[in-house]
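Here are my notes on this complex. Please keep the structure open as you read the numbered points.

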Amino acid sequence: MAAKPRYPTGVHPLLPEETARRRRIEARFVDAFAAASFEEVVLPIIDYVEPYASLVDSAAAKQSYRFVDREGDLVAIRADFTPMLARALAPSIADGDLPLRLFYRGDVIRVEASRLGANRELFQIGAEIVGDDSVDADVAMLRLASDLVPNPSIVYNDVSIASALIAQSDAVREALAAKRMTAGVPAALRTIVGKLISGEATIDDVAPFAPEAAARLCAIGDAVGADGVFSLHLDDIEDAGYYTGLRFRVYASGAKVAQGGRYDTLYERFGRRAAAIGFTFTIDDLD
Amino acid sequence: MAAKPRYPTGVHPLLPEETARRRRIEARFVDAFAAASFEEVVLPIIDYVEPYASLVDSAAAKQSYRFVDREGDLVAIRADFTPMLARALAPSIADGDLPLRLFYRGDVIRVEASRLGANRELFQIGAEIVGDDSVDADVAMLRLASDLVPNPSIVYNDVSIASALIAQSDAVREALAAKRMTAGVPAALRTIVGKLISGEATIDDVAPFAPEAAARLCAIGDAVGADGVFSLHLDDIEDAGYYTGLRFRVYASGAKVAQGGRYDTLYERFGRRAAAIGFTFTIDDLD
Amino acid sequence: MAAKPRYPTGVHPLLPEETARRRRIEARFVDAFAAASFEEVVLPIIDYVEPYASLVDSAAAKQSYRFVDREGDLVAIRADFTPMLARALAPSIADGDLPLRLFYRGDVIRVEASRLGANRELFQIGAEIVGDDSVDADVAMLRLASDLVPNPSIVYNDVSIASALIAQSDAVREALAAKRMTAGVPAALRTIVGKLISGEATIDDVAPFAPEAAARLCAIGDAVGADGVFSLHLDDIEDAGYYTGLRFRVYASGAKVAQGGRYDTLYERFGRRAAAIGFTFTIDDLD
Amino acid sequence: MAAKPRYPTGVHPLLPEETARRRRIEARFVDAFAAASFEEVVLPIIDYVEPYASLVDSAAAKQSYRFVDREGDLVAIRADFTPMLARALAPSIADGDLPLRLFYRGDVIRVEASRLGANRELFQIGAEIVGDDSVDADVAMLRLASDLVPNPSIVYNDVSIASALIAQSDAVREALAAKRMTAGVPAALRTIVGKLISGEATIDDVAPFAPEAAARLCAIGDAVGADGVFSLHLDDIEDAGYYTGLRFRVYASGAKVAQGGRYDTLYERFGRRAAAIGFTFTIDDLD
Amino acid sequence: MRIAIPKGRLQEPALAVFAGAGYDVPDDADLKTRRLVFDRSGIEWIFVKDCDVPVYVEHGAADAGIAGLDQILEHECTAYQPVEFPFGRCRMMLIAAPGAPPLTKVATKYPRITRQFLDTRGVRAEVVPLGGSVELAAVLKLTSHVVDLVETGETVRVHHLELQDVIAEISPRLIVGKTFYRTEPRMVRDLIARVEEAVNVAR
Amino acid sequence: MRIAIPKGRLQEPALAVFAGAGYDVPDDADLKTRRLVFDRSGIEWIFVKDCDVPVYVEHGAADAGIAGLDQILEHECTAYQPVEFPFGRCRMMLIAAPGAPPLTKVATKYPRITRQFLDTRGVRAEVVPLGGSVELAAVLKLTSHVVDLVETGETVRVHHLELQDVIAEISPRLIVGKTFYRTEPRMVRDLIARVEEAVNVAR
Amino acid sequence: MRIAIPKGRLQEPALAVFAGAGYDVPDDADLKTRRLVFDRSGIEWIFVKDCDVPVYVEHGAADAGIAGLDQILEHECTAYQPVEFPFGRCRMMLIAAPGAPPLTKVATKYPRITRQFLDTRGVRAEVVPLGGSVELAAVLKLTSHVVDLVETGETVRVHHLELQDVIAEISPRLIVGKTFYRTEPRMVRDLIARVEEAVNVAR
Amino acid sequence: MRIAIPKGRLQEPALAVFAGAGYDVPDDADLKTRRLVFDRSGIEWIFVKDCDVPVYVEHGAADAGIAGLDQILEHECTAYQPVEFPFGRCRMMLIAAPGAPPLTKVATKYPRITRQFLDTRGVRAEVVPLGGSVELAAVLKLTSHVVDLVETGETVRVHHLELQDVIAEISPRLIVGKTFYRTEPRMVRDLIARVEEAVNVAR
């Protein structure tokens with residue numbers, strides 16, 4: 001057998017066996033989405049960088065393949081589906097259409113290892129509800145996510161709580177990021193921040209700082225229950241990015257397999273006000 | 001409705017309706033391939049330029065998106081499946097495996113209009129038999145291609161015939177390309193070239209110049225018949241490229257929808273001798 | 001003689017004769033600058049795009065060669081000296097140093113024709129006074145510019161006048177750009193705009209709208225005189241760009257050979273407050 | 001003082017003091033070259049990669065900034081003057097012109113560290129005699145090089161000697177590269193290779209293998225003498241590259257400051273037969 | 001001073017304006033000859049194809065001229081446009097072939113303007129530049145649409161085409177080259193003043 | 001079958017050839033009308049501007065047509081060229097302005113061909129596309145050179161221009177679209193045979 | 001639960017903390033053996049080189065561990081750092097060779113941190129990664145500067161080096177992997193609480 | 001002349017060679033001190049970590065030294081290697097974790113060599129650079145494989161790892177910097193001759 005050829009960082013071919021495996025997984029998701037009456041869209045493998053400039057920090061931007069095209073515009077290979085979906089959809093949405101239930105699938109390609117992580121080609125499948133800002137939509141997406149993998153453990157929170165606190169002092173961000181109280185945290189917030197870090201904080205504790213979010217989390221909690229699948233982590237502030245409310249992660253057999261949340265201001269950036277909530281599963285071909 | 005966003009040359013999103021259409025077409029092909037026991041492979045959307053350098057003339061190379069990656073290597077976005085399949089497969093083929101029946105699907109992206117043609121994103125689905133250089137394989141692929149579209153008209157030829165003539169004088173190429181006898185064509189070849197151009201040439205006419213090819217074409221002709229679907233065009237020398245024998249094009253409702261042929265030396269270039277024949281259908285989203 | 005090789009848009013070699021010519025011109029300028037005790041700096045041929053993002057409109061940006069480097073940063077080949085000088089100098093300036101008299105020389109390379117213009121490699125030589133916002137500096141630079149070419153005709157103005165008017169109504173910009181009164185211009189401004197367009201406007205006419213600028217222009221006018229070399233064009237609002245006050249162009253034998261002006265806020269953008277005025281001569285190798 | 005800005009790998013600005021130093025060095029070289037009646041040429045800062053493809057190994061190619069331009073051609077920023085000079089000159093040379101004495105100066109920019117070396121912007125000044133294959137030309141260039149730095153130590157050799165031996169067995173290359181006899185070296189060559197490695201080899205020893213080169217080296221040796229400035233290193237086979245005969249390096253205060261040699265086949269590649277010998281000095285701004 | 005006059009539909013009104021402005025313009029006798037360049041009391045009048053006027057002025061080969069906005073835009077001409085004329089106005093429009101098929105190909109004499117229009121609309125369609133009648137292209141199904149000037153709309157009706165979108169309001173303008181404008185201010189002022197005057201009188 | 005006939009200097013000889021080949025072509029009476037499309041015994045004859053013929057054939061809007069090599073090259077038209085005609089031959093040339101100044105700008109109706117010619121020559125010069133007379137451009141010093149077709153060379157002499165270089169030998173050809181050629185072989189064979197015949201007879 | 005203990009200067013205080021927190025840690029007898037993995041009442045204690053602790057935790061091969069901020073930063077480790085320890089504090093500094101030559105080369109065990117430090121300073125200098133003593137590198141003029149941890153500054157004095165700049169204040173931390181933190185909240189809470197307790201008592 | 005001696009397993013045989021070659025090398029008494037630099041009859045002996053020897057020589061901070069091929073390759077050191085030593089030979093190997101899982105992650109002290117090895121094999125696997133024991137990494141399932149030097153294979157057996165592939169045969173060499181080699185030929189010749197002599201005698 002000749003030496004296997006090397007491929008550019010982030011891509012590689014799938015031979016029949018791997019392809020079959022990939023297609024089986026796809027089919028399982030596609031069927032589930034269809035059953036929940038989600039419709040598929042196909043998003044381009046490359047797009048301009050400029051429309052997303054305000055959404056992507058430069059570190060993340062540098063993790064994607066970027067190049068200058070023949071017209072002199074900076075172009076990037078797809079590295080995140082969610083904003084692309086918003087840009088593609090926003091102009092075509094008519095009020096009557098909403099709410100829309102959509103899903104998508106495909107590879108995202110990253111040129112750079114994130115930290116110690118390996119360079120990996122990531123096959124992703126995601127779903128989204130556009131134009132429905134109700135708690136029901138939140139619950140529907142949480143439930144749908146929990147049905148897609150065996151024995152999932154789903155951690156959820158509302159990013160607006162932390163933002164409310166951080167708005168009062170940036171030291172709160174560091175403390176919550178490191179999970180360690182720091183000198184900088186103002187006296188008025190030390191109790192709540194302490195409780196958040198130690199994990200003792202309850203919804204009642206945070207309610208004063210973000211009443212709406214607290215109310216929503218209660219409603220969500222009542223709906224999904226606390227049967228061991230769903231657990232509320234009020235201290236979780238990772239990767240808030242363009243998320244505006246509910247934020248959740250799906251773990252299965254000790255690894256993170258999906259993440260999602262609500263981004264009610266994302267469509268606005270592309271010219272169309274519309275609430276939206278979605279999640280993305282990643283099927284890493286290496287594992 | 002907001003103004004539709006502009007996308008880089010060669011790509012655009014598919015909304016639910018277009019996606020459904022695309023998926024229906026895919027399904028039809030995939031089922032047909034499966035029924036003929038072809039297995040699917042997935043090929044990367046980008047690859048290095050260098051391994052294909054000897055296969056692609058610079059004009060064609062410039063029609064694809066090319067850029068320099070972080071390691072300083074020149075990389076291109078997929079513009080032709082066939083050589084990629086050979087590069088991906090060659091190292092992994094064990095003798096026992098052959099013959100292999102494979103198919104693939106996906107977009108090819110071209111940054112440059114070819115001549116007057118538009119910049120178009122092209123969705124392609126193709127199939128290939130590796131490791132079988134028999135006439136039966138030729139016939140099988142011709143038949144398979146003819147089953148994939150309604151009322152096809154398939155034009156076929158063997159590139160080795162023209163090459164044999166061109167080997168004797170390059171003027172033959174010009175004459176056959178323009179379909180016009182030129183002063184340069186040597187006396188000895190004027191008769192055959194004239195017949196080829198005028199369309200009077202028969203297999204017997206060309207047999208002396210390329211006996212094997214002629215014999216093969218006879219066998220193929222006998223097998224596929226001349227019922228109006230298949231017609232032999234001995235003067236057809238377009239895009240010989242890496243093809244070594246049978247070459248064919250599929251027309252439907254007055255447009256070219258597929259092309260293919262035999263490339264028995266392609267795998268060799270990637271370290272593994274193996275005959276191969278394949279075809280590629282293009283579903284142009286603009287039409 | 002073999003066919004001359006083709007070079008990338010915007011560059012070409014200079015053979016001994018052309019080089020000698022180029023060096024002679026350089027020498028003439030360098031001597032003049034040295035005599036006026038300007039010191040030379042050398043600016044890099046490539047630099048990051050990001051630090052200049054706020055200064056360059058996307059159209060201009062696309063006129064320069066841009067590419068993504070090995071770290072994934074967008075890099076451009078030098079297309080404008082002035083902002084590069086500010087970025088290079090700003091961090092190293094100590095208060096004691098000011099004012100500084102500096103000059104630079106080198107090619108700027110543009111990949112794209114501007115409108116009907118040709119793709120041209122442009123050799124530029126420029127000078128600048130940093131840290132002196134006085135009228136004397138304005139006059140010194142105007143005089144220096146006028147000494148560098150035979151029979152120059154120098155048109156000058158102060159961009160802040162037009163900006164003051166445009167601030168009141170954007171229609172003023174269109175009117176001044178087209179040199180034609182438009183319906184949009186508010187009644188209150190029609191007189192002055194009319195005068196500006198018709199060329200009847202005097203400094204007294206514009207003084208009410210931009211007293212400081214008017215005063216400065218008077219002072220400058222008194223200093224440089226109106227001997228036919230210098231003429232004040234109050235309607236000239238071309239390419240205000242990062243300029244904040246005096247703006248001038250140098251014409252010789254019916255062609256524009258240099259342009260310059262005052263950009264007192266440019267250094268600030270690179271972390272150091274410092275007034276600055278400069279000009280750049282372009283020696284086009286094609287002419 | 002604000003933080004100094006970072007610049008792309010391989011470039012940085014020169015402030016007045018550094019510029020003055022750079023210009024002083026330039027002036028010294030330019031005067032020396034002019035005195036020896038060399039004429040200056042200016043070479044472009046970017047050029048196509050393709051014309052040099054056969055000259056540059058892929059490792060070296062990746063050390064230069066490369067990108068795809070608007071026409072889709074691969075372009076590189078200048079990383080080596082000599083081949084550029086040949087490409088620029090070849091088409092314009094008329095027989096009557098020869099021999100030509102030319103020099104050039106400018107930056108070469110490398111994006112990649114070579115091995116442990118740092119990323120450095122390199123300012124180079126070089127000279128060349130085109131169209132004179134005589135020993136006198138060799139000697140003239142060696143002498144000129146030795147006059148440009150104080151107390152130089154110049155090591156020279158003729159690459160055709162080693163090539164003659166390597167032509168007989170590639171093992172010779174490894175042995176000479178490592179300076180260690182290896183098993184692979186054929187019996188017939190062990191004596192001479194051994195002598196070369198141990199440094200005992202004399203011109204008489206190598207004469208049988210490359211008589212012409214040996215004769216030339218004798219002539220050169222007689223002319224330049226062995227006064228401690230020039231020393232013959234018959235084992236030196238580094239970076240033969242496009243060199244065809246004499247190869248030399250200039251050391252000063254324990255560091256390599258210049259290298260050069262004869263490349264009589266280089267111009268041919270660009271369409272014009274012409275012998276040529278040249279050298280390039282590197283003024284590293286870091287030291 | 002060299003002034004460029006567009007041959008064709010704008011030639012007559014253009015000359016009328018300059019005559020009205022008191023300039024000594026070539027007369028009909030002159031124009032019957034095949035000559036294209038005329039010296040009249042110090043001014044050089046050149047007669048070029050309408051689409052070439054902006055090119056001459058942009059390159060400084062003419063100091064001023066009269067050109068339609070369609071040609072000014074198509075050539076991205078940067079000359080000043082101090083006077084807009086009341087005559088020869090029309091619209092540049094997107095026009096569909098009979099039956100208004102989906103927009104996939106557009107035939108036009110204005111490829112640059114059409115490309116920009118389609119891009120701002122985010123429409124993926126091929127622009128097919130033509131030298132001759134673009135309406136014919138739609139009729140013969142070469143393209144699904146055309147972009148062209150519409151005055152009366154007669155042609156469109158005749159061919160059963162369908163007006164779909166206004167791309168720009170077009171009018172002829174006096175254009176003056178920038179360098180000339182800056183280096184010969186007196187001449188320029190006089191030219192503009194006289195032409196404006198003539199236009200107002202004509203109204 | 002739809003056949004495109006170029007209006008202008010090639011129209012008459014083109015029609016003559018088809019008539020000679022026994023085709024029922026539109027007669028003078030037809031051509032006096034302003035119509036551009038005619039159905040004659042199953043063949044549709046369309047009359048388009050000479051530069052548009054390759055565009056119609058390339059896009060399949062015409063199955064065949066007659067076009068000069070200048071237009072075929074300028075449009076990089078890929079249609080087959082089975083017959084070359086003896087009439088209407090000329091040369092595409094590089095022509096210098098009076099006094100033959102250094103080559104810096106080239107005015108032309110053939111920007112693509114001119115660009116390629118300059119590139120292969122390694123000449124850095126600006127190409128200035130014009131719609132009207134390019135000789136005038138040289139005379140008026142808009143450009144240092146022009147690229148244009150030369151038949152007799154009369155125009156060149158009149159304007160004191162200087163012929164400098166032959167870029168291509170130009171002749172009109174019968175062109176046939178590739179898809180049509182492959183999908184309607186019989187019709188194609190018949191067309192070509194008859195046209196060739198007619199040409200040979202005419203010789 | 002698997003906990004990574006750094007061998008070397010932090011090992012003893014690290015174990016002391018866990019012992020103080022009531023964990024059944026390997027005793028001296030254990031540590032005398034060459035074994036590196038110990039199971040103690042359900043917890044797996046692993047002993048790895050100090051610089052490897054963040055790697056194990058980042059990859060999830062260890063659930064928690066103790067690591068210096070120097071190693072956390074050098075590996076861009078994203079684990080949570082819920083407890084900072086009072087012991088083993090020091091500073092990462094830029095140190096000049098004897099005579100403080102201009103900054104051109106920097107020898108260090110922390111190439112990534114050093115590179116970032118130089119970039120933010122806009123200094124063009126070569127980073128020379130070393131495995132052994134970097135002070136020696138400065139003494140032997142391999143580099144003009146070194147970046148290293150400084151506790152007492154003794155080494156620096158001995159070698160006549162010059163402290164020039166503080167790059168970071170370094171302290172050891174308890175680090176916990178993110179996935180473990182989210183999927184085993186109870187265990188994590190208990191671990192952190194007990195370690196914090198032990199630290200406060202020790203104060 | 002400054003010669004770099006690698007501390008650790010190669011130090012003793014290295015010194016023995018130079019002693020055998022008649023050089024006045026530091027004696028045991030010297031080495032018991034914590035000093036790392038010794039002047040002996042005009043030669044400066046420096047003792048650096050084995051992996052740093054190629055760095056010192058490449059940068060010219062040492063004129064010559066003794067280094068294993070593993071370190072020479074990992075640092076892509078370009079120095080000449082005139083003498084290969086008979087002692088301290090071993091192999092660099094790819095070693096699988098217990099149970100030989102599929103190759104996804106490789107722990108190693110030789111990231112560059114490992115990366116190149118994987119690339120030539122076309123294997124997509126993550127390289128995890130470690131400072132400490134890599135065998136432990138495999139045992140603890142941090143990685144599926146490790147790349148390391150193998151002498152007796154004892155460690156591998158003990159940990160139930162699996163030898164899978166030989167990456168390179170490793171031996172220590174005398175390395176000499178290129179510039180030193182060219183500028184001080186006499187000294188270099190003498191050094192090499194004496195060391196070679198000593199090696200042959202020892203055989």
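1. Start with chain E. Of its 203 residues, 47% count as buried. A residue is buried if 20 or more other C-beta atoms lie within 10 Å of its own, exposed if 12 or fewer, and partly exposed in between, with C-beta atoms placed from the backbone.

2. A word on the source. This is a predicted model, in which local features need pLDDT of at least 70, side-chain atom pairs count only at pLDDT 80 or more, and totals for chains, interfaces and linings use all residues. Residues are numbered from 1 along each chain as its sequence is written, while chains are lettered from A and ligands numbered from 1 in the order in which they are written.

3. Confidence comes next. pLDDT is the predictor's confidence in each residue, from 0 to 100. Chain E has a mean pLDDT of 94, and 100% of its residues reach 70 or more. For the complex, the predictor gives an ipTM of 0.91 and a pTM of 0.92.

4. Back to the fold of chain E. It has nine helices and 11 strands. These are DSSP runs, numbered from the N terminus: helices are H or I, at least four residues, and strands are E, at least two. The C-alpha trace of chain E spans about 55 × 35 × 30 Å along its principal axes. Take its contacts between residues at least 6 apart in sequence: 67% join residues at least 24 apart. Two residues are in contact if their C-beta atoms, placed from the backbone, lie within 7 Å.

5. Now one residue in chain A. A:V159 is found in helix α5 (residues 159-168). Why is A:V159 counted as buried? Because A:V159 has 24 C-beta neighbours inside 10 Å. Leaving aside neighbours within four places in sequence, its contacts include A:I237, A:Y243 and A:R247.

6. Next, chains C and D. The contact takes 41 residues from chain D and 42 residues from chain C. On the chain D side, α1(D) gives the largest share, four residues. By class, that side has 26 nonpolar, four polar and 11 charged residues. Ala, Val, Leu, Ile, Met, Phe, Trp, Tyr, Cys and Pro count as nonpolar, Asp, Glu, Lys and Arg as charged, and the others, Gly among them, as polar.

7. Last, the symmetry. A rotation of 180° with 0.0 Å of shift along its axis superposes chain D on chain C, with an RMSD of 0.0 Å. The two copies are therefore related as by a two-fold rotation axis. In chain D, the C-alpha nearest the axis belongs to D:F67, 3.1 Å from it. Superposition is by least squares on the C-alpha atoms of residues with pLDDT of at least 70 in both copies.
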